[in-house]
Amino acid sequence: MSQPNMYRLNSKEVAGATEEWLAKRGVTKEQIGQLVMLLQKDYFPELTLAECVLNVEAVLSKREVQNAVLTGIQLDMLAEEGKLLPPLQDMIAYDEGLYGCDEVLALSIVNVYGSIGFTNFGYIDKLKPGVLKKLNDKSGGVIHTFLDDIVGAIAAAASSRIAHRKQAEREALAEGIQVRDEE
Ligand code: MG
């Protein structure tokens with residue numbers, strides 16, 4: 001039932017804000033694409049960076065993902081500004097070892113393309129290659145407690161999407177049909 005003056009979500013605004021805030025926090029789609037490449041190149045040697053970036057864009061087009069990105073970045077920024085209440089302020093500011101809500105929020109991204117994303121997420125979280133190393137650099141007063149997990153999760157989800165699609169492509173090729181490109 002629709003009511004006057006009711007809150008209405010503008011999906012384009014959410015998508016636009018996600019893109020804008022990732023860029024403002026110093027993360028590009030190419031950097032996430034490079035993480036995807038690292039995760040998938042052994043399985044698909046013909047994979048290109050452009051293909052990885054396309055898959056990152058597909059992941060970023062999902063509302064669950066946009067919600068997690070906006071929430072995580074917001075918490076990082078509030079912690080930077082010292083605006084959270086204690087003891088949460090210090091837990092997030094110092095990326096405290098027993099505080100795991102950053103990983104839990106990131107799992108809502110990993111979930112989008114099924115369970116093989118979990119393995120990739122765990123792997124990349126341990127290795128912290130490329131942009132993840134930069135995000136984990138605790139010097140300079142910038143806090144990325146949430147964003148590092150979110151970026152790793154986007155890469156893991158994009159990798160999972162690639163794996164699922166490559167399989168679908170192989171099967172479609174065998175059957176002489178084309179894979180649809182809807183999500
Ligand atoms: Mg973290």
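These are my notebook entries on a predicted model of one protein chain.

**Ground rules**

I number residues from 1 along each chain as its sequence is written.

**Overall fold**

I started with the elements, taking helices (H or I, at least four residues) and strands (E, at least two) as DSSP runs numbered from the N terminus. I found nine helices and zero strands in the protein chain. The C-alpha trace spans about 60 × 50 × 25 Å along its principal axes.

Next I looked up contacts, meaning pairs of residues whose C-beta atoms, placed from the backbone, lie within 7 Å. Among contacts between residues at least 6 apart in sequence, 76% join residues at least 24 apart.

**The core**

For burial I use C-beta atoms placed from the backbone: a residue is buried if 20 or more others lie within 10 Å of its own, exposed if 12 or fewer, and partly exposed in between. By that count 33% of the 183 residues are buried.

A nonpolar core is a set of buried Ala, Val, Leu, Ile, Met, Phe, Trp, Tyr and Cys residues joined through C-beta atoms within 7 Å. The largest one here has 42 residues, and I109, I150, V151, I154, A155 and A157 have the most contacts inside it. Among the elements giving two or more residues to this core are helix 2 (29-40), helix 7 (116-127) and helix 8 (131-135). Which helix gives the most to this core? It is helix 9, with ten residues.

I followed up A157: leaving aside neighbours within four places in sequence, A157 is in contact with V59, I109, V110, V112, Y113 and G117.

I fitted axes as lines to C-alpha atoms, for helices over the stretch in contact, with angles from 0 to 180 degrees between N-to-C directions. I call angles under 35 degrees roughly parallel, over 145 roughly antiparallel, 65 to 115 roughly perpendicular and the rest oblique. A crossing is left-handed if the near helix is turned anticlockwise from the far one by less than a right angle, and right-handed if clockwise.

- Helix 3 packs on helix 9 at about 110°, with the axes 9 Å apart. That makes helix 3 roughly perpendicular to helix 9, and the crossing is right-handed. C52, N55, V56, A58, V59 and L60 in helix 3 meet I154, A157, A158, R161 and I162 in helix 9.
- Helix 6 and helix 9 have axes that come within 8 Å and cross at roughly 25°. That makes helix 6 roughly parallel to helix 9, again in a right-handed crossing.
- Helix 4 and helix 9 have axes that come within 9 Å and cross at roughly 160°. That makes helix 4 roughly antiparallel to helix 9, and this crossing is left-handed. V65, A68, V69, G72, I73 and D76 in helix 4 meet L147, I150 and I154 in helix 9.

**Two residues I zoomed in on**

Apart from neighbours within four places in sequence, I162 is in contact with Q40, F44 and N55. F44 sits 118 residues away along the chain, yet the two C-alpha atoms are separated by 9.3 Å.

C52, in helix 3, counts as buried with 27 C-beta neighbours inside 10 Å.

Most residues other than glycine have a negative phi, and most peptide bonds are trans. I noted these departures.

- A cis peptide bond joins P86 and P87, with omega about 0°; P87 is in the loop between helix 4 and helix 5 (88-93).
- D95 has a positive phi of about 50°, and its place is in the loop between helix 5 and helix 6. D95 counts as partly exposed, with 16 C-beta neighbours inside 10 Å.
- K128 has a positive phi of about 45° and is found in the loop between helix 7 and helix 8. K128 is partly exposed, with 15 other C-beta atoms within 10 Å.

Methods: This is a predicted model: local features need pLDDT of at least 70, side-chain atom pairs count only at pLDDT 80 or more; totals for chains, interfaces and linings use all residues. Two residues are in contact if their C-beta atoms, placed from the backbone, lie within 7 Å.
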